[in-house]
Amino acid sequence: MVDQNIRAFLGIDFTEVVKDEIHELQQNLKGYASKGRWKGRDNFHLTLKFLAQISFAQKAQIDESLQSLCRKEPPFNLELKGLGVFGGKESCRVLWLGLAGDMQDLRSLHKKVDQVLTPLGFPPERRPFSPHITLGQDIVFAGGFEEIQAKVGGFEFTPTHVERIHLFKSEQVQFKRIYTKLADYSLG
């Protein structure tokens with residue numbers, strides 16, 4: 001059998017209820033945009049680490065390392081909170097939803113994931129960890145971002161109890177990005 005590479009990342013998934021809540025906010029925001037690429041409802045997640053291409057042999061090593069790590073890490077709680085953008089001149093390069101809650105636990109888990117994966121050939125990200133959920137990319141709003149935030153107003157999401165992280169496969173299927181869970185690693 002030929003060893004086929006997989007485009008993969010590690011992340012935290014959300015319940016169907018939370019994905020519906022995020023999608024409702026996203027639909028509201030779409031009403032103020034003249035163009036953009038919007039994430040599909042099923043693709044809402046929090047990325048812990050992008051791995052790029054991995055082999056099946058590397059997947060086995062990742063599984064072993066993360067199962068061992070996650071057993072020692074306690075579950076924690078997150079809340080989705082606040083909108084933001086990563087820049088762009090004419091558009092919002094990335095429109096995102098922020099996080100609150102047990103951020104120290106999330107940052108600690110992220111750091112430990114980097115530590116256990118570095119010896120497997122996955123170096124730590126050079127940029128600081130900036131946890132967020134991407135809602136869309138290259139978004140052009142009919143008005144300034146602050147104005148859109150004010151129009152959308154406050155929003156509340158069901159709190160998320162994080163009990164596991166997942167290894168996701170990312171692939172392009174008929175011009176659509178699809179994320180499929182390949183493995184999950186339980187915390188605690």
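The legends below describe close-up views of a predicted model. Residues are numbered from 1 along each chain as its sequence is written. In this predicted model, local features need pLDDT of at least 70, side-chain atom pairs count only at pLDDT 80 or more, and totals for chains, interfaces and linings use all residues, while side-chain values use heavy atoms, without hydrogens and water.

**View 1. The open sheet of four strands.** The strands follow the order β3-β1-β8-β9 with antiparallel pairing. Strands are DSSP runs of E with at least two residues, and helices are runs of H or I with at least four, numbered from the N terminus; two strands pair if DSSP finds at least two bridges between them. At the edges, β3 (45-54) and β9 (176-186) each pair on one side only. From one strand to the next, the twist averages 30° (axes are lines fitted to C-alpha atoms, for helices over the stretch in contact, with angles from 0 to 180 degrees between N-to-C directions).

**View 2. The pairing of β1 with β8.** Four bridges join β1 (residues 6-13) and β8 (residues 164-173) in the antiparallel sense. Gly11 stands opposite His166 in β8.

**View 3. Helix α3 on the strands.** Helix α3 (residues 103-117) lies across β1, β3 and β8 and runs at about 10° to β3.

View 4. Phe145, Ile148 and Val152 of α4 (residues 145-152) are buried, meaning under 20% relative accessible area, with exposed over 50% and partly exposed in between (1.4 Å probe, protein chains only). These residues lie on the same side of α4 because they cover an arc of only 60° around the axis, taken from the directions from the helix axis to the C-beta atoms. On the other side of α4, Glu146 and Ala150 are exposed. Just after α4, Gly153 has a positive phi of about 75°.

Technical notes
Contact = heavy atoms within 4.5 Å.
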